[in-house]
Amino acid sequence: MASSFVPGPDTFRDYRDVLGCFGSGVTIVTVATPDGPMAMTANSFSSVSLDPPLVLWSVAKSSRRYQPFFEAPHFAIHVLDDTQQDVALHFAAHGNGFDRFCWAHNDDGVPVLQDRLALFECRTFGRHDAGDHTIMVGQVLRAARGTGAGLAFDQRRYGRFQPFEAD
């Protein structure tokens, strides 16, 4: 068994590696800005409540894209399928470049990618300070589900989840 350590400035990489042992799905969060559509890749997505329907994700305060996401009255969360690693990598590096993908504005003016496994169109419900991040809580106004397997991220690698097969 590996030795334990105290997370701190000298152990950030070690701490990130420990966090990376928890595999997650991969999402793209989008918002409308005065300069056009903006996106970022996030794996901090989670369900919060069924009634009302709430989800959350977190955004780093140090991100150059922080302010538009923090201020947005609406946002969309796109769950990627296992063929969309290129989309995840693109929006991890660039907040723009939507012309590479098929998208449209939803009823609230938020850019929505047409190709995705699932979609949550949200109104910002709350913002919560959480250290070097802000937790963004969204009330889900509309949701959509496609078919296929989800894109997974685990220990700095992309992979796939196996689709659920009912007995």
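This note sets out the main features of the structure in numbered points.

1. Basis of the note. The structure is a predicted model, in which local features need pLDDT of at least 70 and side-chain atom pairs count only at pLDDT 80 or more, while totals for chains, interfaces and linings use all residues. Residues are numbered from 1 along each chain as its sequence is written, and side-chain values use heavy atoms, with hydrogens and water left out.

2. Overall composition. The protein has 3 helices and 12 strands; helices (H or I, at least four residues) and strands (E, at least two) are DSSP runs, numbered from the N terminus. Of the 167 residues, 38% are buried, where buried means under 20% relative accessible area, exposed means over 50%, and partly exposed lies in between (1.4 Å probe, protein chains only). Among contacts (heavy atoms within 4.5 Å) between residues at least 6 apart in sequence, 63% join residues at least 24 apart.

3. The sheet. An open sheet is formed by 7 strands in the order E3-E2-E6-E9-E10-E5-E4, with antiparallel pairing; two strands pair if DSSP finds at least two bridges between them. The edge strands, E3 and E4, each pair on one side only. From one strand to the next, the twist averages 35°; axes are lines fitted to C-alpha atoms, for helices over the stretch in contact, and angles run from 0 to 180 degrees between N-to-C directions.

4. Strand E2 and its neighbours. Strand E2 is mostly covered, since 6 of its 7 residues are buried. E2 is antiparallel to E3 over 7 bridges, and a hairpin joins the two through 2 residues. In this pairing, threonine 27 stands opposite alanine 42 in E3. E2 also pairs with E6 in the antiparallel sense, over 4 bridges, with isoleucine 28 opposite histidine 78 in E6.

5. Strand E6 and E9. Strand E6 (residues 74-79) is joined to E9 by 6 bridges, and the two run antiparallel. Histidine 78 stands opposite leucine 119 in E9.

6. Helix H3. The helix lies across strand E2 (27-33) and E3, running at about 110° to E3. Which residues of helix H3 (residues 85-93) are buried? They are Val87, Ala88, His90 and Phe91. Seen down the axis of H3, these buried residues fall within an arc of 165°, so they line one face of the helix; the arc is that of the directions from the helix axis to the C-beta atoms. As background, an α-helix has 3.6 residues a turn, so residues three or four places apart point the same way.

7. Alanine 92. Alanine 92 lies in helix H3 and is partly exposed, with a relative accessible area of 46%. Leaving aside residues up to four places away in sequence, alanine 92 touches Thr41 and Arg65. Alanine 92 and isoleucine 28 are 64 residues apart in sequence, and their C-alpha atoms are 8.7 Å apart in space.

8. Aromatic pairs. Rings of Phe, Tyr and Trp (its six-membered ring) pair if their centres lie within 6.5 Å; planes under 30 degrees apart count as stacked, over 60 as edge-to-face and the rest as tilted. By this rule the count comes to 7 aromatic pairs. Phenylalanine 45 and phenylalanine 120 form a tilted pair, 5.2 Å centre to centre with 35° between the planes. This pair links distant parts of the chain, 75 residues apart: phenylalanine 45 is in the loop between strand E3 (36-42) and strand E4 (46-49), and phenylalanine 120 is in strand E9 (residues 118-130). Phenylalanine 45 is partly exposed, at 25% relative accessible area.

9. A buried edge-to-face pair. The ring centres of tryptophan 57 and phenylalanine 69 are 5.6 Å apart and the planes are at 80°, so the pair is edge-to-face. Tryptophan 57 lies in strand E5 (residues 54-60) and phenylalanine 69 in helix H2 (residues 66-71), so the pair ties together parts that are 12 residues apart in sequence. Tryptophan 57 is buried at 1% relative accessibility, and phenylalanine 69 is buried with a relative accessible area of 1%.

10. Other ring arrangements. Phe91, Phe98, Phe101 and Trp103 form one aromatic cluster. The charged end of arginine 127 sits over the ring of phenylalanine 70, 5.2 Å from its centre; this requires NZ of Lys or CZ of Arg within 6 Å of the ring centre and within 35 degrees of the ring normal.

11. Leucine 56. Leucine 56 lies in strand E5 and is partly exposed, with a relative accessible area of 23%. Not counting residues up to four places away in sequence, leucine 56 touches Ser44, Phe45, Ser46, Val48, Ile135, Met136 and Val137.
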